[in-house]
Amino acid sequence: MSATYRVAVRALCDFTAREGDLDHRFTPAPSAREGIEGHTLVANRRGADYIAELPLTGAFEGLTVTGRADGFNPTANSLEEIKTHRGSLERMGDNQRALHWAQVKVYGALLCAERGLKTLTLTLVYLDITSGKETLISQNAAADELQEFFAEQCQRFLAWAEQEAVHRQNRDSGLQSLRFPHAAFRPGQRELAEDVYKAASTGRCLLAQAPTGIGKTMATLFPMLSAMPRQQLDRIAFLTMKTPGRRLALDALAMLRASDEALPLRVLELVAREKACEYPDRACHGESCPLAAGFYDRLPAARQAAVEQGWLDRDALREVALAHDVCPYYLGQELARWADVIVGDVNHWFDSHALLHGLAQANDWRTGVLVDEAHNLIERARGMYSAELDQQRFNRVRRAAPKPLSRPLGRLARQWQTVIREAGIEEEGEPRSPAYRLLMALPDKLVTAAQQVGAAITDHLGEHPEDASLELQEVLFEALAFCRLAEHFGEHSLCDLTRYGRGRAVLGLRNLIPGDFLAARFNTAHSVVLFSATLSPAHYYRDLLGLPDNTVWQEVASPFAAHQLEVRIRSDISTRFRDREASVEPMVAAMAQQYQRKPGHYLAFFSSFAYLEAVLARFREAHPEIAVFSQTRGMPEAQREAFLARFTPGGEGIGFAVLGGAFAEGIDLPGDRLIGAFVATLGLPPFNDFNEALKARLTARFGQGDDYTYRIPGMIKVVQAAGRVIRSPEDQGVVVLMDDRFAQASVRALLPSWWSLGNPIP
């Protein structure tokens, strides 16, 4: 090879030793924590000479192979590969066993070469995580045999490695001369691009607040790609909160590739499994799904075709996959290892089981991460690190569960009753509204019972896989997820109990401060750029996201002028809950007055569907001549698209929507498709026990509980909604803020600095 290519032992064997069907039938497997504990247990059982986690490196024709062998006993001259498992080993597939042997043989070859050994005993150690029993399978091997096997694996990989090394050289060479695809930068766009490039060059995190309409997607992708060869970045991840953000990123990347047709940039779009599945009614294994049968046999050709094509958005990836009769979703998972730019949801980096973060760690990638609409990351991450236990679901499973599971499920049922009683939530009768209690601590006995249920189900399914019903698996995953988070329970989370009726309680473990989990995710990346039109105040995001101390905050000056947006505050209207009924009439009058003053398309935002529906009903009654249309609860995607399609150039009407919903951010209605917005709320989260507990926790940690719980999150929603009006330097519009609290100095301070706020209308 003309260029050196590095590969981990695990990645090498995954590439060369897998064959046969894709099989994702449920098989009880130890968790990552249990796997680590199992390796430690085995190592502790060995003698003092035993070397655990032995680093090994070797080379073959320019290919460098690295890894850590699980354990080596120099006295016995035995090299071990440790695998933890549950259930009978007889059910382990031949393909999986072949992969394990491939790994230990490659490690054996590296060890013999490093220490000059002539022979070596290779041992697969299978540790039953439940019983602690070890099953050892050993074979003696000569160094020559192992070297021959090593060479064979490397030969299989070499053509691919050569291709990848050449691709990397060509990619980096092309990116060094990358040109901005437009004749000129938009106002503010160059400034943002320079900030992103500096962050990538210094390996820092950047919080970039930049106004809507300047082209943030291109202003972040272009400089990160330009920095890629200079900073030796392996991958760039462009992460979004919603599907429209992915489309914008793909459009920008398509434009960059079109501006230099010789640029060999591989782009991959990752989509959710349920959206990529071709046979949603089939189980994910070769006996059920034709795209799973022989998947690994056909994968090499599909993988080669995919990387040659280079552009792999959802449709292109599906086309390649179906042409080779393989599953599009799992082909995408494989190609995440070989793409240069991956476009996907934020969960791919920040979730506890994030694909890209895992690959970056396993392969020691230098990764540049771009996070679009980053003001949403706090709430998204809170959801990632929260979990629930549903009493009704467990009771339903208990009634139909196999007999060996009745005892642990019965113990859990009794613990539910104890927790409900101790929380002071009566079991008699049905509550008129859900009864809610914050718990001072985790109910340890219930958590222990849930752990026992998880272990019992796992062990049972290990011996009786035919009992793996969908509901039983869902209960298992629910118990495991809750118990994993319970192990890390601390001041970053709280526990609550909600009872909806007899036998219908939900125990929640709610994350409050996601930064305690996310800090490691930021540290893994070479550079992370979080950008949005609303990322102030900076300390709010630094604190709650756990950003590094050297994170830079930059605000890009708005290209918009105050005269483009008329902002009016109706201080004669109160949207407080107690004033809702009285606010409807003046609100309807204010909206009609503005519409009659200048007909066109408007959006009106409310704090809830109930409030929206009350104002909408009165507006229709009072002004039937004005066209109105409304967002509805649980609106499917097709209806959302139809709602937006109403905003045609030169059209007229008022669209009613909820603040923080699908139409309050991430939509682009330039020109006269939208000329104004009414915001009938401060967007404050509801005053309830949970938010008051959140406020207390954030006060204790950061000293700003009220701002962090209520005021700042509310005003972020308001600014996002108002930002739908002005999308380009040519746009003109009006925003009517309908609440007397908008006149308060503390609230006005959180509005964009370029807005011209006149005197409130009394």
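Helix α11 (residues 328-335) supplies the largest share of the lining of the largest cavity in this predicted model, namely four residues. The complete lining consists of Glu269, Leu270, Val271, Leu317, Pro328, Tyr329, Gly332 and Gln333. Sorted by class, five of these residues are nonpolar, two are polar and one is charged. The volume of the largest cavity is about 40 Å³. A search of the whole structure for cavities of 30 Å³ or more returned one.

Two or more lining residues are contributed by each of the elements α6, α7 (243-259) and α23 (637-645). The largest share, eight residues, belongs to α7. In this pocket the lining divides into 16 nonpolar, 13 polar and 16 charged residues.

Helix α6, one of the elements that line the second largest pocket, also packs against another helix. Helix α5 (residues 189-202) and helix α6 (residues 216-230) meet at an angle of about 35°, and their axes are 8 Å apart. The crossing of α5 past α6 is right-handed. On the α5 side, the contact is formed by Gln189, Leu192, Ala193, Val196, Tyr197 and Ala200. On the α6 side, Lys216, Met218, Ala219, Thr220, Pro223, Met224, Ser226, Ala227 and Arg230 take part. The residues of this contact comprise 10 nonpolar, three polar and two charged ones.

Charged side chains were then paired across the structure. With a limit of 4 Å between a side-chain nitrogen of Lys or Arg and a carboxyl oxygen of Asp or Glu, the count is 38 salt bridges.

When neighbours within four places in sequence are set aside, Arg97 is in contact with Leu89, Met92, Leu124, Tyr126 and Ile137. For Leu124, which is 27 residues from Arg97 along the chain, the separation between the C-alpha atoms of the two residues is 9.3 Å.

How values were computed
Residues numbered from 1 in each chain as written. Predicted model: local features only at pLDDT ≥ 70, side-chain atom pairs only at ≥ 80, totals over all residues. Heavy atoms only, no water. 1 Å grid on protein atoms, 1.4 Å probe; cavity = no way out; pocket = protein on both sides within 12 Å on 5 of 7 lines; lining within 4 Å. Points joined across faces, edges and corners; volume = space filled by probe spheres on them. Nonpolar A, V, L, I, M, F, W, Y, C, P; charged D, E, K, R; others polar. Axes fitted to C-alpha atoms, helices over the stretch in contact; angles between N-to-C directions. Left-handed = near helix turned anticlockwise from the far one by under 90°. Contact = heavy atoms within 4.5 Å.
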